[in-house]
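Biologist: Before we discuss details, please show me the sequence and the structure. I shall then ask about individual features in turn.

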Amino acid sequence: MFGLRQLSHLLVLAKSYAALSIVLVLLAGVRVAHADFVGSLVLSPTGCESTGHCELGADFGFIDPKGVGWQAAKGLITDGASIPPWAQPIVGKPFDESFVKAAIIHDHYCDRHVRSWRLTHRVFYDALRASAVGSDKAGIMYFAILVGGPKWIKLVKGKPCGVGLGCINQVGASLQLPGTGLSGDENGGLIAVRGPQYGTAKFAKTMADNLPQLEAQGGSLTPEMVEQEASQAMVADVFFANGDETGTTLDIKVETK
């Protein structure tokens, strides 16, 4: 026969099991972020790493933590440009096993401008972490790519508008985007492109000014912290000041035959 003490104990257990059941039901609907590579990395010809120029021998992909797929196609020529010479004493050679997978995915999308430069540079960080590169080293590389890596922005035909109206302000691309070139995208639109800035004095100064703060974070350095640091360091840069597109006075229609 149960006494009051035993009955009370059973009620507590019942509540605990009920709470656990609710937690398990809730967790069942939660998708755990997991990033991983798809396929085997095949570089040819054999020994090409020593020359700095390799061809991708098979399709190679990456699924980022949000479940978005990134694929570098067979035949891609890569020189490991995502690991510039200045960084090699810190992280290693371009075809180091720890970085080559991330570099190939990043290089592919930097060349093709399929997605925004922000998303493309972020996948480099995510792929580094999936390659077991520590958050401190991956974070420093991510900062360097954000600051000195290539940038591109979609140009949208605009027209003059009054203050407060929801329209695109018309600006001159050559005036607003100095140091850029123009290129067509896959949809016949126009994008402004600026190449890597790793060899500039501005990049060297930005790295020198910010590297101590980044290194001080050690393993607690997060990509969000890196992005904030880069935004503050590059507050006057037109690519950081704009989103993924900006207005232009140029006719953006591009015809290809």
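Biologist: Where does His113 lie, and what is its phi near?

Modeller: The model is a predicted one. In it, His113 is found in the loop between H3 and H4. His113 is a residue other than glycine, yet its phi is positive. Most residues other than glycine have a negative phi. The value for His113 is near 55 degrees.

Biologist: How do the two helices H3 and H4 pack, roughly antiparallel or roughly parallel?

Modeller: Helix H3 spans residues 100-112 and helix H4 spans residues 117-130, with their axes 8 Å apart. The angle between them is about 170 degrees, and angles over 145 degrees count as roughly antiparallel. H3 and H4 are therefore roughly antiparallel.

Biologist: Which residues of H3 and H4 meet, and how many of them are nonpolar, polar and charged?

Modeller: On the side of H3 the contact involves Ala102, Ala103, Ile105, His106, Tyr109 and Cys110. On the side of H4 it involves Thr120, His121, Val123, Phe124, Ala127 and Leu128. By class, the contact of H3 with H4 has no charged residues, three polar and nine nonpolar.

Biologist: Cys110 belongs to that contact. Is Cys110 buried or exposed?

Modeller: The cut-off for a buried residue is under 20% relative accessible area. Cys110 therefore counts as buried, its relative accessibility being 10%.

Biologist: Which cysteines are joined by a disulfide, and what is the handedness of the link?

Modeller: The structure holds one disulfide. A disulfide is a covalent bond between the sulfur atoms of two cysteines. Here Cys48 is joined to Cys54, with S to S at 2.0 Å. The angle about the S-S bond is 105 degrees, and the link of Cys48 and Cys54 is right-handed.

Biologist: Are Cys48 and Cys54 buried or exposed?

Modeller: Cys48 has 2% relative accessibility and so counts as buried. Cys54 has a relative accessible area of 2%. Since the cut-off is under 20%, Cys54 is likewise classed as buried.

Biologist: Which peptide bond is cis, and where is the place of Pro45?

Modeller: Most peptide bonds are trans. The bond from Ser44 to Pro45 is cis, with omega near 0 degrees. Pro45 has its place in the loop between strand E2 (43-44) and strand E3 (54-56).

Biologist: What is the phi of Ala132, and is the residue buried or exposed?

Modeller: Ala132 is in the loop between H4 and H5. Although Ala132 is not a glycine, its phi is positive, at about 70 degrees. With 71% relative accessibility, against a cut-off of over 50%, Ala132 counts as exposed.

Biologist: Which residues are in contact with Ser135, leaving aside its neighbours within four places in sequence?

Modeller: Ser135 has its place in helix H5, which covers residues 135-148. At 11% relative accessibility, Ser135 counts as buried. The C-alpha atom of Ser135 is separated by 8.4 Å from that of Pro223, 88 residues apart along the chain. Leaving aside neighbours within four places, the contacts of Ser135 are Tyr125, Arg129, Gly218, Gly219 and Leu221.

Biologist: At what angle do H7 and H8 pack, and what is the handedness of their crossing?

Modeller: The axes of helix H7 (residues 201-217) and helix H8 (residues 223-233) are 11 Å apart, at an angle of about 155 degrees. H7 and H8 are therefore roughly antiparallel. Their crossing is right-handed.

Biologist: Which residues make the contact of H7 with H8, and how do they divide by class?

Modeller: H7 contributes Thr206, Asn210, Gln213, Leu214 and Gln217. H8 contributes Met225, Glu229 and Ala233. The residues of this contact divide into one charged, three nonpolar and four polar.

Note on methods
Residues are numbered from 1 along each chain as its sequence is written. This is a predicted model: local features need pLDDT of at least 70, side-chain atom pairs count only at pLDDT 80 or more; totals for chains, interfaces and linings use all residues. Side-chain values use heavy atoms; hydrogens and water are left out. Axes are lines fitted to C-alpha atoms, for helices over the stretch in contact, and angles run from 0 to 180 degrees between N-to-C directions. Helices (H or I, at least four residues) and strands (E, at least two) are DSSP runs, numbered from the N terminus. Angles under 35 degrees count as roughly parallel, over 145 as roughly antiparallel, 65 to 115 as roughly perpendicular and the rest as oblique. A crossing is left-handed if the near helix is turned anticlockwise from the far one by less than a right angle, and right-handed if clockwise. Contact means heavy atoms within 4.5 Å. Ala, Val, Leu, Ile, Met, Phe, Trp, Tyr, Cys and Pro count as nonpolar, Asp, Glu, Lys and Arg as charged, and the others, Gly among them, as polar. A disulfide is a pair of cysteine sulfur atoms within 2.5 Å. Buried means under 20% relative accessible area, exposed over 50%, partly exposed in between (1.4 Å probe, protein chains only).
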